[in-house]
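My notes are below, in the order I looked things up.

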Amino acid sequence: MRPLNHLILLSEPEPTGPEPFGQDGRLLAFASWMGIPAKAVPLRNSQEGSALPDRLLNEFEAGSCALAISAETLADHASIADELQRFLRQCASALLVFGCTNAERHLRAIARLTGGMISGSEFPGADSVSFSFPQSAVSFSQQLAGLGYLGRYEEPIFAFEAQDAAAADVIMAANEAAVFLRMDRGSSPLFLLSMPLPDLDQTLDAELELQEHYHRLIPLLIFLRQCFGASCWHGPESTARLIIDDPLLTEQYGFLEHSVLMKSMEHSGYGTSIAFIPWNYWRTSRQNAGLLGEQSNFAICVHGCDHTNKEFAIRDSALVDRKAGLALRRMELQRQRTGAAFEPVMVFPQGLFSRAAIAALRAHDYLAAVNTSVFPTDGAPEGLIVADLLQPAVTKYDGFPIFQRRYPRRLFDFAFDLFLGRPALVVEHHEYFREGVETWQDFVAEMHKLDPTLTWPGLADQLMRSCRRRNASNGSIEIQFYTRKFFWSNREPDTRNFSLCKQEPNAASIESVSVDGESSEFSFENGFLKLEVQAGPGETHGIEIVDREHPQERANGFGLAHNARVMLRRGLSEFRDNTLSRHDGLLKIAKGIVRGLKVTGDA
Ligand SMILES: [Zn+2]
């Protein structure tokens with residue numbers, strides 16, 4: 001199917017009430033958010049003649065539109081099913097029928113549209129429904145194919161039944177019954193969906209994040225990508241990285257053995273960053289700094305400053321600013337003394353951060369934060385919404401990017417990251433390697449199976465290339481990027497105009513923007529910084545956004561007494577990681593004591 005360029009929603013002549021217009025509204029909003037021009041075209045209410053407006057028929061014939069209609073609207077206009085069939089046969093288009101339920105009128109309308117090939121039945125929802133993406137539909141579900149997950153769905157679930165199973169591709173199933181399928185109608189695909197549509201503005205639960213929205217998001221993303229290809233916003237590259245928190249730069253830390261890790265990286269083709277605690281800067285030898293060889297795909301980034309309890313969750317702007325500055329200064333001193341280069345990316349201790357911490361990272365020119373949670377501890381009551389997490393990074397706070405990482409527990413979540421075009425960032429601690437590296441190597445192999453194009457660039461490099469991209473109808477390419485330094489390549493065979501944008505809520509904080517080191521013009525629109533760059537085929541270009549000078553105090557330490565307390569904390573943590581972790585009974589007792597003291601704050 002060649003890419004289409006408009007989505008037409010066939011709607012009621014006078015939409016009223018929240019449902020089904022609520023679903024119609026969600027579809028239009030989601031398509032627009034994906035970069036697809038979308039509009040509602042009301043059907044005629046006449047009993048005579050065609051219900052489809054003439055204007056639409058002309059657009060159809062140009063083969064440029066995909067269509068969508070709710071099962072409710074389809075049922076309201078009995079003859080439209082025949083007209084739609086005729087058009088799908090004649091024109092290369094696509095049709096999505098959404099909101100299908102077990103209502104008799106829906107069943108009748110679907111049977112009429114599919115020539116009696118599709119019927120269905122309903123079963124009760126449950127706390128734990130098994131959603132799956134059959135391998136046979138890999139050309140639709142891509143990285144998700146062959147995988148599944150357990151999710152809550154308490155409403156009744158309507159499942160489609162195809163008279164001839166070979167005539168329909170099941171793309172998504174709930175408890176093995178089809179809830180999203182595709183079949184051919186003439187030269188066009190027909191998609192049938194019984195799951196509800198996603199609401200981009202819905203507030204996210206900080207624990208469940210997007211997980212409770214997968215069943216709504218994935219079918220619509222698949223439909224739009226199938227119809228509109230590269231005109232939809234998409235992530236052009238699949239990248240991943242392992243981040244191990246806390247170790248010192250030594251041959252062995254707890255269960256992590258450097259030489260074993262090196263061999264494993266080479267064997268399985270992955271890359272690792274150590275989230276290094278800056279307080280330890282004076283403990284790295286020049287010899288151990290040599291572990292960070294350029295050939296080895298092994299690097300360090302910044303993990304807190306002293307790594308004390310809730311260190312970056314504090315709301316005191318001046319204090320957190322000082323910590324952000326001191327952390328960088330220590331990493332820089334370590335680099336000067338030992339040659340240990342580092343990536344200016346922050347991993348927050350215990351995964352906790354305040355909004356003041358984000359402002360501090362921006363003020364000190366960090367590139368990004370990478371964190372298990374993207375929710376600040378003092379976020380606004382309305383918090384983050386679905387749309388915020390459908391992108392590679394959250395830039396809602398001060399325009400500063402927070403990339404999300406996860407523990408390697410459920411493959412499906414990483415598949416979803418890659419499906420969305422987000423970097424797949426994996427977090428672990430030394431204990432994960434207690435039984436060796438095989439479990440992790442198996443996980444890496446699974447990730448490569450999901451996406452054979454997966455690469456493991458350095459962390460900063462990976463984040464500086466993360467973007468959403470789409471081909472505009474005028475031939476130019478639009479890119480939304482997230483980091484203050486950004487690199488991209490023109491992979492087209494000819495010279496193209498690139499329209500680049502980055503969310504920047506505070507225009508006054510930007511001093512200049514350069515492209516390949518040369519000052520460039522830029523503008524602001526609706527909270528986004530925008531610039532245009534022309535690039536020849538195969539060219540790679542780099543952008544840098546420079547903030548206005550930020551009055552900074554010299555990042556001095558916090559005094560001897562503070563340092564002594566930190567030393568005690570670090571000493572206890574390392575005793576735990578290196579010694580106690582090898583003796584389960586002792587470890588349990590020690591953890592109790594340490595919790596009582598509230599000193600280590602490790603995670
Ligand atoms: Zn930590």
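**Entry 1: overview.** I'm working from a predicted model here, not an experimental one. I started with the totals: 17 helices and 30 strands. Of the 603 residues in the protein, 45% are buried. I also looked up how far along the chain the contacts reach. Taking contacts with a separation of 6 or more, 72% are between residues 24 or more positions apart.

**Entry 2: helix α4.** I went to residues 80-90, which form α4. Which residues of α4 are buried? I got I80, A81, L84, F87 and L88. Looking down the helix axis, I found those buried residues within an arc of 125°, so they line one face of α4. On the other side I noted D82 and R89, which are exposed.

**Entry 3: helix α5.** Next I took α5, residues 104-113. Its buried residues are H106, A109, I110 and L113. Seen down the axis they fall within an arc of 95°, so α5 also has its buried residues lining one face. What covers the buried residues of α5? My list includes the helices α3 (71-76) and α4, plus the strands β4 (95-98), β5 (118-123) and β11 (188-193). I also checked what comes just after α5, and there G115 takes a positive phi of about 60°.

**Entry 4: α4 against α5.** At what angle do α4 and α5 pack? It is about 30°, and the axes are 8 Å apart. Angles under 35 degrees count as roughly parallel, so that is what I wrote down for α4 and α5. Their crossing is right-handed. On the α4 side the contact uses A81, L84 and Q85, and these meet A109, R112 and L113 of α5. I sorted the residues of this contact into 4 nonpolar, 1 polar and 1 charged. A81 and L84 are already on my buried list for α4, and A109 and L113 are on the one for α5.

**Entry 5: α10 against α11.** From α10, the contact takes in S317, V320, D321 and A324. From α11, I noted A356, A357, A359, A360, L361 and A363. By type, the residues of this contact come out as 8 nonpolar, 1 polar and 1 charged.

**Entry 6: N175.** Last, I picked a loop residue. Where is N175 found? It sits in the loop between β9 (168-174) and β10 (177-185). Is N175 buried or exposed, or in between? I counted 16 other C-beta atoms within 10 Å, which makes N175 partly exposed. Leaving out residues up to four places away in sequence, N175 touches V129 and S130. I also looked up S132, which is 43 residues from N175 along the chain. The C-alpha atoms of N175 and S132 are separated by 7.7 Å.

Terms used:
Residues are numbered from 1 along each chain as its sequence is written. This is a predicted model: local features need pLDDT of at least 70, side-chain atom pairs count only at pLDDT 80 or more; totals for chains, interfaces and linings use all residues. Two residues are in contact if their C-beta atoms, placed from the backbone, lie within 7 Å. Helices (H or I, at least four residues) and strands (E, at least two) are DSSP runs, numbered from the N terminus. Ala, Val, Leu, Ile, Met, Phe, Trp, Tyr, Cys and Pro count as nonpolar, Asp, Glu, Lys and Arg as charged, and the others, Gly among them, as polar. A residue is buried if 20 or more other C-beta atoms lie within 10 Å of its own, exposed if 12 or fewer, and partly exposed in between; C-beta atoms are placed from the backbone. The arc is that of the directions from the helix axis to the C-beta atoms. Axes are lines fitted to C-alpha atoms, for helices over the stretch in contact, and angles run from 0 to 180 degrees between N-to-C directions. Angles under 35 degrees count as roughly parallel, over 145 as roughly antiparallel, 65 to 115 as roughly perpendicular and the rest as oblique. A crossing is left-handed if the near helix is turned anticlockwise from the far one by less than a right angle, and right-handed if clockwise.
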